[in-house]
Amino acid sequence: MNMRGAIAILKNELMRFFRTVFGSILSPVLTTSLYIVVFGAAIGGRMDPSQFGGTSYGAFIVPGLIMLTLLSESTSNASFGIYMPKFTGGIYELLSAPVGVAETIIGFVGAAAMKSLIIAAIILVTARVFVDYSIAHPVLAVGYIVLVAASFALFGFILGLWADGFEKLQIVPMLILMPLTFLGGTFYSVQMLAEPWSTVAQFNPIFYLINGLRWTFTGSSDVPIGLAFGFTLAFLVLCVGVIAWIFKTGWRLRE
Amino acid sequence: MVTQITDPILDIRGLLKTYANGPTALAGVDLQIRKGEIFALLGPNGAGKTTLIGAVCGLVNPSGGTIEAFGLDIRKHWREVRQRIGLVPQELSFDMFDKVIRQVRYSRGMFGCAPDEGKIEEVLKALSLWDKRDEPIRKLSGGMKRRVMIAKALSHEPDLLFLDEPTAGVDVELRRDMWKQIGALRERGTTIILTTHYIEEAEEMADRVGVINKGQILLTDDKTAIMAKLGRTEAVFELAEPMTELPAALATYPVALEDAGRKLVYRGGDGTGKGKREVAELAQDLTRNGIGYTGLDAHESSLEDIFVGLVKQGEKEMAA
């Protein structure tokens, strides 16, 4: 294990992030603040808290918004992180270096996950300005956020390897992740939906992620927490497996 | 023409590479590299030079054959082997927005070396990049960018260095400069394998030369041996008076009459200077025998002529 190599990649990736720190942090923070102001404060004041497990609507949507940011930031950070050297040709160095799958995951995926965790933390703090929310299980909340950040950074890494153009990089986050997150209960409780939609929503994997995180905040959710954790963990293991396979065969990496 | 090398630093046997979309880039390459030498791999575009380097450096999965570096199989011992190999690819490819020194540090770290600012400074100074160390790479000239690529490859002090077309697109002055630096690396004991289009480059720098075409090594030998074996001198004397037949006094020279007796052409020598001497003697003999000439055009065949000849010959053999 080339620990120095892993750290070098991690540092280099974080450095790229801090080079454009204002754009990287400001835009998700601004977007999320707008959601909270518009939905949470302006509209949410007219909602009946009994429909949201007794919490205010503003507090109800905070975990959903965190999840929205975590999923899109982790995925796009990691996919761009590995796609850029592929695009510029700089990947030659990674391939010729004594760097294997473990170092690459620690470096690229670790950095991408860290970036989205930094953004999630800033959003949590910003949300507190507008909404009075509390976290019922803080340790589990942090653990779950880290787990989701890591899983989707791994997923983004696979996406970045698969993509052979900028368009493909955008397609999955924009056309799959974002709609599923919106439909997965970021802004509503699935129980509020009429049949068949409340059943259809159960087939949306993001639904479990959002409700898992919501449980750690409010102590109640639409799904059992064990299922949400188990589901996320299985996704993480699957992604690690796929990356290990990619490194073994050299798919999209070696000619 | 295969020279057996004992204890090679790089030992390639039967290397094959067929790309998924069809073309065969390497058709059974055998190549042994001596420790400490500069080896120039010559070949036209698409000959397989870059694929060969890629296979050794981990960019290309070979379809068959074996590669050993430092006596270790590069698949089994990839970590140890890669740590000791440096690669400068043909294309400029790095994070253009990053600073020179940070990119070089990054490369050193990636290859598992402990941070060593002294070493980074030494590498940057040797490549005249020290003054530019805090500049973003995109602001550097093309030649300077190429040096950054070399600095990155040298940052982990490799024992074996691959330079893929190191001076492509570099102006003449900078090219000379780069040759000097490559020479200095050899002095320090680094084994260097370079690919080039410029025969001049191989002639100037290499200890040994290999010619590759269509995925096959046509020949490898010491540069001087190739010159001696295949080098020729050609000298054309334009005669004052046309001759119908060769005077007996000139029978010992490899000469012939051409252009209806108006030209006396010498073709001989061996690339080591013998040709030049004979042409000088021939000129004196002509004067002694009262044969006047109005012009003399002499030239040595370069590695380029040899190379072009070999490639053509190889293609003919393959077609047959």
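1. Helices (H or I, at least four residues) and strands (E, at least two) are taken here as DSSP runs, numbered from the N terminus. On that basis chain A has 10 helices and 0 strands, in the order α-α-α-α-α-α-α-α-α-α from the N terminus. With a radius of gyration of 19 Å, close to the 18 Å of the globule rule for 255 residues, chain A is as compact as a globular protein of that length; the radius is taken over C-alpha atoms, and the rule is 2.2 Å times the number of residues to the power 0.38.

2. The model is predicted: local features need pLDDT of at least 70 and side-chain atom pairs pLDDT 80 or more, while totals for chains, interfaces and linings use all residues. Residues are numbered from 1 along each chain as its sequence is written, and chains are lettered from A and ligands numbered from 1 in the order in which they are written.

3. In chain A, 45% of the 255 residues are buried (20 or more other C-beta atoms within 10 Å of the residue's own, with C-beta atoms placed from the backbone).

4. In chain B, strand β14 (residues 293-300) is hardly covered, with 0 buried among its 8 residues. Strand β11 (residues 233-239) of chain B runs antiparallel to β14(B), joined by 7 bridges. Leu239(B) stands opposite Tyr293(B) in β14(B).

Definitions and conventions: A residue is buried if 20 or more other C-beta atoms lie within 10 Å of its own, exposed if 12 or fewer, and partly exposed in between; C-beta atoms are placed from the backbone. Two strands pair if DSSP finds at least two bridges between them.
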